[in-house]
Amino acid sequence: MSTEVDTQEAFEKIQAKQHEETAQTWKLRRTLKGSAYTSMETWEAEKERLLYSEWFCVGREEEIADPGDFMVRPVGDETVIIARGKDGGLRSFYNVCAHRGTKLCDDGAGQHAKSGVFKCPYHAWSFDLDGNCVGTPNVHEEEGFDKSTRPLWKVAVDSWEGFVFVNLTEGGPTETLNASFQRNPEGDPHAYSRWNMKDLRVGYRIDYDVAANWKIVIDNYNECLHCPSVHPELVQLVPLFRKGLVETEWGASLIDGATTLTLDGTTTRPALPGLEEHDKNKYLGFLLYPMLMLNMHSDCVMIYRLEPRGPGHTTVVSEYLFPPEVIDAPGFDPSDIVAFWDMVSRQDWEICEREQTGVGSRAYAEGGVYPWNDRWVFEFNRRYRASMGEAEPDPF
Ligand code: FES
Ligand SMILES: [Fe+2]
């Protein structure tokens with residue numbers, strides 16, 4: 001089917017859905033208040049109710065491929081260690097020494113615990129890959145000290161499709177990672193298993209520092225009303241976006257002849273194994289609540305993973321995943337897709353930062369409005385309010 005027919009069909013389906021929803025259920029919804037994007041009070045509440053309570057993606061399993069490998073990642077104002085145990089399983093701990101609280105390991109990925117232990121730089125206490133305290137130089141048993149009572153503080157850890165998630169809920173998570181997927185605003189991520197993301201590897205990574213609240217970055221991701229004005233190059237390749245529409249169920253067709261998001265829509269990389277024919281000229285975007293975004297193409301999955309640093313500052317980690325044999329092939333060069341997405345990303349961050357300056361205004365204290373084309377932003381907002389224990393306000 002040509003893209004034009006495909007796009008027209010998708011457009012008609014979306015229009016029909018809009019008519020049905022707007023006639024029956026859609027009401028103009030209220031956004032969060034301005035202070036939700038700027039205040040320390042909201043940030044403090046978000047850390048407790050969301051960042052330290054929901055399953056939170058911190059990276060890829062491949063960064064800690066072998067026993068003894070570990071990485072250190074921020075979660076709100078905490079940092080956690082995620083390690084590969086001797087049995088090949090994942091472990092996670094607060095990055096805090098059990099002696100007198102010193103930050104145990106340096107930030108970063110792909111480190112290896114020498115001799116299989118984490119050694120504190122202060123008084124050289126050491127902890128094994130299971131978090132057991134195994135060395136306390138100059139502290140003696142006759143002091144009444146029992147090492148076994150002082151392990152590292154554990155954090156729950158799990159993985160899905162090669163992504164590592166931690167959960168800092170005190171006393172343990174209230175639901176499994178898998179169960180949490182059932183409450184994802186955009187549906188179950190298992191619907192995208194044909195991309196076989198667990199078998200992909202990171203071929204390129206860019207970290208962006210964005211002067212905007214993390215929710216503004218997600219809101220922006222969840223709508224395409226802004227695409228015609230902010231992304232002139234993107235709407236050349238994705239006709240549906242020219243109309244300001246997004247559709248998560250069946251993806252957005254690219255123009256005829258295009259197979260991926262590069263400047264001319266083509267690439268020499270092969271299609272990912274496992275994809276269906278109709279996936280090969282589409283782009284699909286998907287948010288896994290709270291802060292992992294999957295951008296799926298025929299040849300690559302580009303992910304955004306957020307590390308919120310405070311009310312007005314977010315690190316966006318952007319990683320490009322490819323099959324290992326594609327990365328290892330001589331002449332591997334992802335610059336075609338990286339150049340395109342880097343341009344689109346910077347367009348997004350610029351407008352997000354601009355929104356951040358506006359939502360702090362006294363004029364915006366009561367917030368704004370979601371029309372139907374912002375419905376995915378609204379669904380994220382609804383799930384966010386559930387995390388925060390806030391009642392949903394009446395529509396306008
Ligand atoms: S604080 Fe870590 S060994 Fe003393
Ligand atoms: Fe955008």
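Student: How do the residues lining the second largest cavity divide into nonpolar, polar and charged?

Tutor: A lining is read by sorting its residues into classes. In this predicted model, the second largest cavity has twelve nonpolar lining residues, together with two polar and three charged ones.

Student: Which residues lie nearest the centre of that cavity?

Tutor: Of the 17 residues in its lining, those nearest the centre are W55, F165, L288, Y289 and P290. The space in this second largest cavity comes to about 140 Å³.

Student: Which elements give two or more residues to the lining of the second largest cavity?

Tutor: A lining may also be read by element. Here β2 (56–60), α3 (177–181) and β16 (301–310) each give two or more residues. The largest share, three residues, is that of α3.

Student: How many cavities of 30 Å³ or more does a search of the whole structure find?

Tutor: The search finds three.

Student: What lines the largest cavity, and which residues lie nearest its centre?

Tutor: Its lining consists of 29 residues, with Y221, E223, F241, V246 and Y283 nearest the centre. Two or more lining residues come from each of α4 (214–221), β14 (282–288), β15 (292–296) and α9 (335–359).

Definitions and conventions:
Residues are numbered from 1 along each chain as its sequence is written. Chains are lettered from A and ligands numbered from 1 in the order in which they are written. This is a predicted model: local features need pLDDT of at least 70, side-chain atom pairs count only at pLDDT 80 or more; totals for chains, interfaces and linings use all residues. Side-chain values use heavy atoms; hydrogens and water are left out. On a 1 Å grid over the protein atoms alone, a cavity is a set of points where a 1.4 Å probe fits but cannot get out, and a pocket is an open set with protein on both sides within 12 Å along at least five of seven lines; lining residues have an atom within 4 Å of a point. Grid points are joined across faces, edges and corners, and a volume is the space filled by probe spheres set on the points. Helices (H or I, at least four residues) and strands (E, at least two) are DSSP runs, numbered from the N terminus. Ala, Val, Leu, Ile, Met, Phe, Trp, Tyr, Cys and Pro count as nonpolar, Asp, Glu, Lys and Arg as charged, and the others, Gly among them, as polar.
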